[in-house]
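Work through the exercises below with the sequence and the model at hand. Each task is followed by a stepwise solution.

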Amino acid sequence: MTANQGGLRQFPRSFWAANTMEIFERMGWYGFYAVSALYLTGPVDEGGLGFSSADRGVIQGLATFFLYLFPAVFGALADRYGYRKMFLSSAAVMAPAYLLLSLPTGFWPFLGTYFLVAVGHGMFKPVVISTVAKSTNEENGSIGFGIFYMMVNVGGFLGPIVAGIVRGWNWDLVFYASATWIVLMAVVCLLIYKEPPRDTEAEGQRSLREVFRGMVEVVGNLRFFLLVSGVLVILVMGSKWWEFSLVGWVALFWIGGNLVLDALFRASGRRGSGPWFLQPMRIGEGRYLLFLLLMAGFWISFNQIFMTLPEYIRDYVDTSDLITTFSPVAAWVTGIAQSLGFDTSNWSRAVLQNGQVKPEHLINLNAFGIICFQVFISWLMRRTTPLVSIIAGVTVTIASFGLYLLGMSGWIVVSAILVFSVGEMMASPRSKEYAGRIAPPDKVGMYMGYFYWCVALGNLFGGLLSGLAYQHFGPQGINRPDWMWILFAALAGTTAVSLVIYNRWVSPVSRAGG
């Protein structure tokens with residue numbers, strides 16, 4: 001059967017069930033995530049938690065970091081115990097976790113509960129992608145994953161709309177809404193989902209020990225893995241609990257101590273023999289690790305639309321120009337509702353807060369733009385190489401950050417978000433393709449399997465940087481948000497230049513993406 005035969009009917013029931021569940025899962029995740037910065041840093045008397053921007057950054061960074069690390073583990077469990085069971089297990093974790101998330105008011109209780117939310121979504125992610133992959137083939141795979149990517153953005157668009165409306169009455173309704181979407185996801189799984197054909201015997205043989213061994217081997221050996229893990233822990237501690245001077249000393253001691261031990265082990269003639277803790281450090285896929293680090297810079301920039309922009313809009317942007325523009329439309333809608341007998345006296349609470357348009361409704365233009373224009377942008381970029389698409393997308397992103405320097409009006413922010421969305425549409429879909437292009441022929445599977453590590457690192461570093469940057473440049477700091485946007489633009493530019501250098505000097509010329 002060709003991609004043109006059968007139309008949408010060429011895809012089996014499991015494909016459509018997975019896409020429907022993806023919509024509800026994304027509605028649950030983005031329903032809260034899109035307003036999480038506002039909830040965490042909002043005044044207590046308005047229903048928020050009153051955390052600092054730095055605390056907000058740590059929570060967002062850590063939770064999403066682990067969310068993108070979990071799929072490798074839970075994917076192996078799904079292969080062993082079944083996709084349907086993993087879908088239902090993820091719902092059993094997520095739905096109660098969202099309800100519990102409305103209860104904590106302290107940093108650690110909230111972080112622990114949000115971590116549980118991340119576990120649930122980490123359980124869901126590998127199974128839905130595997131279902132789509134196994135429900136398509138080489139002929140219709142491009143269309144199938146295009147539909148799937150569209151469903152991701154449909155859920156990412158609808159969830160924040162509902163959350164933005166209901167939080168006008170009570171923040172608890174945001175958590176109830178997310179839990180409801182997850183329950184509906186579970187209902188779809190129970191009533192419609194059927195596991196696609198797969199080699200359960202071969203797939204189920206992969207144990208968790210093998211999964212963790214593979215993760216370590218990508219980095220190197222266990223000693224080098226612990227060195228890298230220790231550096232990440234030090235960075236996290238420096239974002240909230242330690243002074244920068246202490247971070248420097250601890251990092252120097254940790255890295256220097258490991259290097260001294262390494263020199264001693266090598267001088268004694270140890271080359272991989274004996275206990276792991278007495279072996280010299282060994283770097284695994286160094287070229288791939290460098291690629292992941294560079295792509296992390298790419299994702300740091302792209303994550304700022306959910307991490308930093310909500311606070312910036314709330315604290316700085318005057319949306320009165322948008323309200324003036326759309327007041328006739330709002331009056332027309334409320335007039336029709338009133339003629340039908342509805343009381344519209346409180347309807348403004350769904351869209352406005354303190355006389356301004358809610359940040360999440362503006363940020364949601366990102367998902368709306370992707371839904372409307374992703375196919376068109378992909379068509380425009382069809383003849384470009386993956387690297388060129390990524391560089392062009394990052395360049396457009398830099399331009400979007402520059403728009404914030406022009407003023408703090410609503411239309412400027414709308415323009416910046418839409419320009420940002422164009423950059424995302426150009427770069428994001430091609431980034432994973434680029435990973436496959438630069439991979440040696442015998443390591444394509446590994447490169448693709450651990451691609452989401454760069455997304456995890458981008459979320460971790462992006463959250464930490466966002467919190468610290470807004471704490472310093474925002475209203476509680478030196479009150480120069482323009483410098484913050486320059487910082488993010490400089491980071492994006494550095495990433496683009498670094499990718500060009502990487503592609504030319506590090507990746508194999510014969511498999512280069514550009």
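**Exercise 1: Helix H17 against H18**

Task: Determine in which hand H17 passes H18, and classify the contact of H17 with H18 by residue class.

Solution.
- Step 1. The crossing in which H17 passes H18 is left-handed. The model is a predicted one.
- Step 2. Locate the two helices: H17 covers residues 386-403 and H18 covers residues 410-438. Their axes lie 7 Å apart, at an angle of about 160°.
- Step 3. Angles over 145 degrees count as roughly antiparallel. H17 is therefore roughly antiparallel to H18.
- Step 4. Sort the residues of the contact of H17 with H18: 15 are nonpolar, seven polar and three charged.

**Exercise 2: Helix H2 against H4**

Task: State at what angle the axes of H2 and H4 cross, and in which hand H2 passes H4.

Solution.
- Step 1. Take H2 as residues 53-81 and H4 as residues 107-134.
- Step 2. The two axes cross at roughly 35° and come within 7 Å.
- Step 3. H2 passes H4 in a crossing that is right-handed.
- Step 4. In the contact of H2 with H4 there are 21 nonpolar residues, three polar ones and two charged ones.

**Exercise 3: The largest cavity**

Task: Find how many cavities of 30 Å³ or more the structure holds, then describe the lining of the largest cavity by residue and by class.

Solution.
- Step 1. A search with a volume cut-off of 30 Å³ or more returns one cavity.
- Step 2. The space in the largest cavity comes to about 50 Å³.
- Step 3. List the lining of the largest cavity: Gln304, Ile305, Leu309, Phe401, Tyr404, Ala416, Ile417, Phe420 and Trp485.
- Step 4. Assign the lining to elements: helix H12 (304-307) and H18 each give two or more residues. H18 supplies the largest share, three residues.
- Step 5. Sort the lining by class: eight residues are nonpolar, one is polar and none is charged.

**Exercise 4: A salt bridge in helix H1**

Task: Give the number of salt bridges in the structure, and work out how far apart Glu22 and Arg26 lie along their helix.

Solution.
- Step 1. The structure has ten salt bridges.
- Step 2. One of them joins the side chains of Glu22 and Arg26, with an N to O distance of 3.9 Å. The cut-off for a salt bridge is within 4 Å, and this pair meets in one.
- Step 3. Both Glu22 and Arg26 belong to helix H1, residues 13-41.
- Step 4. Glu22 and Arg26 are four residues apart, about one turn of the helix.

Technical notes: Residues are numbered from 1 along each chain as its sequence is written. This is a predicted model: local features need pLDDT of at least 70, side-chain atom pairs count only at pLDDT 80 or more; totals for chains, interfaces and linings use all residues. Side-chain values use heavy atoms; hydrogens and water are left out. Axes are lines fitted to C-alpha atoms, for helices over the stretch in contact, and angles run from 0 to 180 degrees between N-to-C directions. Angles under 35 degrees count as roughly parallel, over 145 as roughly antiparallel, 65 to 115 as roughly perpendicular and the rest as oblique. A crossing is left-handed if the near helix is turned anticlockwise from the far one by less than a right angle, and right-handed if clockwise. Ala, Val, Leu, Ile, Met, Phe, Trp, Tyr, Cys and Pro count as nonpolar, Asp, Glu, Lys and Arg as charged, and the others, Gly among them, as polar. On a 1 Å grid over the protein atoms alone, a cavity is a set of points where a 1.4 Å probe fits but cannot get out, and a pocket is an open set with protein on both sides within 12 Å along at least five of seven lines; lining residues have an atom within 4 Å of a point. Grid points are joined across faces, edges and corners, and a volume is the space filled by probe spheres set on the points.
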